[in-house]
Amino acid sequence: MVEVLRFEAATVVRGGRPILDRLDWVVADHERWVVLGPNGAGKTTLLQLAGALLHPTSGRVEVLGERLGAVDVFDLRPRIGLASAALAERIPAEEQVRDVVVTAAWAVTGRWREQYDGTDEARADAVLAMVGAESLATRHFGTLSEGERKRVQIARALMTDPELLLLDEPAAGLDLGAREDLVTRLAAIAADRWAPAQVLVTHHVEEIPSDFTHVLLLRDGRAVTAGPIGEVLTGRNLSEAFGTRLRAGHIRGRYWARAVPPSQELRGRHARRAAAALPPQPAPGPDDPLGEA
Ligand SMILES: Nc1ncnc2c1ncn2[C@@H]1O[C@H](COP(=O)(O)OP(=O)(O)OP(=O)(O)O)[C@@H](O)[C@H]1O
Ligand SMILES: [Mg+2]
């Protein structure tokens, strides 16, 4: 197993408080991780560490085998593909889509005097095709719809053939059709055994592409739990992370979660009392809820 990320007691302090708090986390190169947690849980901070955009205040973070603080991050960053709202904001509106993608080769936004050869341009077209955005190559980034922009950002993240792909809320703001299209494309990338290790931050379990393998649940900068998706993505764990009673389940590799209505909470209490007097029930099938809160 080759580790692409290793966090040991990683802590980031801002405004006098830990926004990431002694986090231990290891990601191997064949794994695809989802990071879930409420607003302010520290998800974007975690991706900034993983993307070598930030150093921990204390603790140890290794990215692609290099320890942050002991490596030139400018050597490290081209090995990492990152798509985030913060990066998208830095892309000039008049930039041509192919240039938005090709400039990732230099880890810059905004084409200026760098020289790109035909191989770079061909690679940019190939990754645009991978996300279904080949027809947008000559458009200006500022004229794209939200969904089209997201696809172009992912193409940019893939441009350098990275060893680690980091996606911060790639489906945020997309309509249902655009979200499903994106999730399907991300699932295809996740299923590709030659694709890089992936870490995807989202607020919605419906946005988890099938073939993602692991989940980290964050709350207040701490890991509520982490591990294989089938074990960790339960209503009980989501309830703890989000501080509200939730149920969760999956249908053919896609997940759902919803609040437990108050009436069912009451019924649940009665049912639990009654169940205590009954013999054990059969285990749930693959399409059944993963577990009640
Ligand atoms: N420079 C800073 N100074 C003070 N607090 C900060 C700073 N940067 C981030 N924070 C706080 O750290 C916490 C974690 O922020 P982060 O952006 O990592 O959360 P998140 O999980 O990505 O949230 P969201 O789901 O809303 O995107 C938030 O409470 C945020 O306000
Ligand atoms: Mg965030």
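Predicted model: local features only at pLDDT ≥ 70, side-chain atom pairs only at ≥ 80, totals over all residues.
Arg-14, Gly-15 and Ile-19 are part of its shell, together with Gly-37 and the run Asn-39, Gly-40, Ala-41, Gly-42, Lys-43, Thr-44 and Thr-45. Sorted by class, that shell holds seven polar, two charged and two nonpolar residues. Helix H1 (residues 43–50) supplies its largest share, three residues.

Next come the strands. Strand S1 (residues 3–14) and strand S4 (residues 58–63) run antiparallel and are joined by five bridges; Arg-6, for instance, has Glu-62 in S4 as its bridge partner. S4 also runs antiparallel to strand S5 (residues 66–67), this time with two bridges, and here Val-63 is partnered by Glu-66 in S5. S4 and S5 make up a hairpin with two residues between them, and Leu-64 in the turn shows a positive phi of about 50°.

Then there is helix H5 (residues 118–130). Asp-120, Arg-123, Ala-124, Val-127 and Leu-128 of H5 are buried. Looking down the axis of H5, these buried residues stay within an arc of 135°, which means that they line one face of the helix. What does the buried side of H5 pack against? Its partners are helix H4 (97–102) and helix H6 (146–158). Over on the other side of H5, Gly-118, Thr-119 and Ala-122 are exposed. Just past the end of H5, Gly-132 adopts a positive phi of about 70°.

Methods
Residues numbered from 1 in each chain as written. Chains lettered and ligands numbered in written order. Near = placed C-beta within 6 Å. Helix = DSSP H or I, 4+ residues; strand = E, 2+ residues; numbered from the N terminus. Nonpolar A, V, L, I, M, F, W, Y, C, P; charged D, E, K, R; others polar. Pairing = 2+ DSSP bridges. Buried ≥ 20, exposed ≤ 12 C-beta atoms within 10 Å, placed from the backbone. Arc of directions from axis to C-beta. Contact = placed C-beta atoms within 7 Å.
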